[in-house]
Amino acid sequence: MEEGERSPLLSQETAGQKPLSVHRPPTSGCLGPVPREDQAEAWGCSCCPPETKHQALSGTPKKGPAPSLSPGSSCVKYLIFLSNFPFSLLGLLALAIGLWGLAVKGSLGSDLGGPLPTDPMLGLALGGLVVSAASLAGCLGALCENTCLLRGFSGGILAFLVLEAVAGALVVALWGPLQDSLEHTLRVAIAHYQDDPDLRFLLDQVQLGLRCCGAASYQDWQQNLYFNCSSPGVQACSLPASCCIDPREDGASVNDQCGFGVLRLDADAAQRVVYLEGCGPPLRRWLRANLAASGGYAIAVVLLQGAELLLAARLLGALAARSGAAYGPGARGEDRAGPQSPSPGAPPAAKPARG
């Protein structure tokens, strides 16, 4: 048959029939390849609209706009975002400060296979990492309406609540022994005063704030190898500047030598230069005075986390209800029905022409 001529058989068979249309699933900018059925659950954690996910999974055209969240659920969504955004910033700031402190002090080191350094900055970095991860999960989960992130955020808040409950119970049960061990802890800090800059800073702030020196008395500094009177160094029989009554001596900067040679003096002469009382009793009094305020802050944090958990549960319920309304029994029935067979009255499909 020459080119340009039509087959009589083909024209008879196709006469009176409508041209065939090819159905193609809709595409979206959120999607790449359509996921397989075994990937549908994991793919449901993406940040695409639920109607787009349903179209890509089922291959059905969009029949209408998906139902939006109610005004109350929208308020809950933005409330979760706004309440977690400051905590995410604070967590990232704490993480950055902790990593900076570890890098400056060389605690990270080149010993990659060794144990983790026993450094307060490490605790700050790990705490900042955990808080920022949980807060960012809440922010992004609420903003993107992502159920996976919201479930992770809820799990993190629940873990925080459990750990805080255990810590509170331990503090209440061991409150007496904790107070009795304060002086022992201070003596250990005095012995390692020069070993760690963070420990030195913390002990100096305690002595300056409480106006005290040593654990039980200023003579406890004899336990330090550098300040002991038998030490051959220049700091022998001396005290740190934080023990001095006037460490600045009416100047702009701290005089680090204000406590030099004080341990050689008798108590009457030493009390004109440094504080003689140890930090154990004043620290105990400070803890008792601030116990109610500390408990109030802890209760406020627990209540805030409980409210966050309830809001996340409310938003998860609203998203589940919207997904059920968007898919509906009709859409699910279409998905399960599969390809439909032609009706009895429909004309047969066209057969390919033979040359």
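Predicted model: local features only at pLDDT ≥ 70, side-chain atom pairs only at ≥ 80, totals over all residues.

Student: Good to know. How many helices and strands does the protein chain have?
Tutor: The count is twelve helices and zero strands. Read from the N terminus, the order is simply α-α-α-α-α-α-α-α-α-α-α-α.

Student: And what share of the residues is buried?
Tutor: Of the 355 residues in the protein chain, 28% are buried. The accessible surface comes to about 22,500 Å², and carbon and sulfur atoms account for 64% of that.

Student: What about contacts along the sequence, at least 24 apart? What percentage is that?
Tutor: If you take contacts between residues at least 6 apart in sequence, 69% of them join residues at least 24 apart.

Student: Let's go to the surface. Which residues form the nonpolar patch?
Tutor: The patch consists of F87, L90, L93, I97, W100, V104, L124, V131 and L304, and together they have about 830 Å² of accessible area.

Student: Which helix gives the most to it?
Tutor: That is α4, with six residues. Helices α4 (71-105) and α5 (120-144) each supply at least two residues of the patch.

Student: Take F87, then. Where is it, and how accessible?
Tutor: F87 is in helix α4. Its relative accessibility is 38%, so F87 counts as partly exposed.

Student: Which residues does the "transmembrane region" annotation cover?
Tutor: The UniProt entry, which is unreviewed, puts that annotation on residues 78-102, 122-144 and 156-178.

Student: What do residues 122-144 look like in the model?
Tutor: That span is 100% helix and 0% strand, with its end C-alpha atoms 32 Å apart. For residues 156-178, the figures are 96% helix and 0% strand, and the end C-alpha atoms lie 29 Å apart.

Student: Changing topic: which residues have the most contacts inside the largest nonpolar core?
Tutor: Those are L203, C213, Y218, W221, L239, C243 and V274, in a core of 22 residues. Helix α8 (residues 182-191) contributes the largest share of this core, three residues. There is also a second, separate core of nine residues, including L69, A142, L150 and L316.

Student: What does Y218 touch?
Tutor: Leaving out residues up to four places away in sequence, Y218 touches C213, L239, L263, L265, D266, A267, A270, Y275 and L276.

Student: Now charges. How many salt bridges are there?
Tutor: The count is six salt bridges. One of them joins the side chains of E145 and R322, with N to O at 2.7 Å. E145 sits in the loop between α5 and α6 (147-173) and R322 in helix α12 (residues 291-337), so this pair ties together parts that are 177 residues apart in sequence.

Student: Is R322 buried or exposed?
Tutor: Buried, with a relative accessible area of 13%.

Student: And which residues make up the salt-bridge network?
Tutor: E183, R187, D220 and R284 are linked in it. Between R187 and E183, the closest N and O atoms are 3.9 Å apart. Both lie in helix α8, four residues apart, which is about one turn of the helix.

Student: How about R284 and E183? How far apart are the closest N and O atoms?
Tutor: They are 3.5 Å apart in that salt bridge. The pair links distant parts of the chain, with R284 in helix α11 and E183 in helix α8, 101 residues apart. R284 counts as buried, at 18% relative accessibility.

Student: What else is buried in α11?
Tutor: The buried residues of helix α11 (residues 280-289) are G280, P282, L283 and R284. They pack against α7 (175-180), α8 and α9 (197-210).

Student: Last one: what is the phi of R211, and of C237?
Tutor: Phi of R211 is near 55°, positive in a residue other than glycine. C237 is not a glycine either, and its phi is positive at about 60°. R211 is in the loop between α9 and α10 (267-270), and C237 is found in the loop between α9 and α10 too.

Student: Buried or exposed?
Tutor: R211 is exposed, with a relative accessible area of 58%, while C237 counts as buried at 4% relative accessibility.

Note on methods: Residues numbered from 1 in each chain as written. Heavy atoms only, no water. Patch = residues over 30% accessible without salt bridge, like charges linked within 9 Å, V, L, I, M, F, W, Y side chains within 5 Å. Areas by Shrake-Rupley, 256 points an atom, 1.4 Å probe, with all protein chains shown as cover. Salt bridge = Lys/Arg side-chain N within 4 Å of Asp/Glu carboxyl O. Buried < 20%, exposed > 50% of the residue type's maximum accessible area, 1.4 Å probe, protein only. UniProt positions renumbered as here; feature names shortened; annotations may be inferred. Core = buried A, V, L, I, M, F, W, Y, C linked by side-chain atoms within 4.5 Å. Contact = heavy atoms within 4.5 Å.
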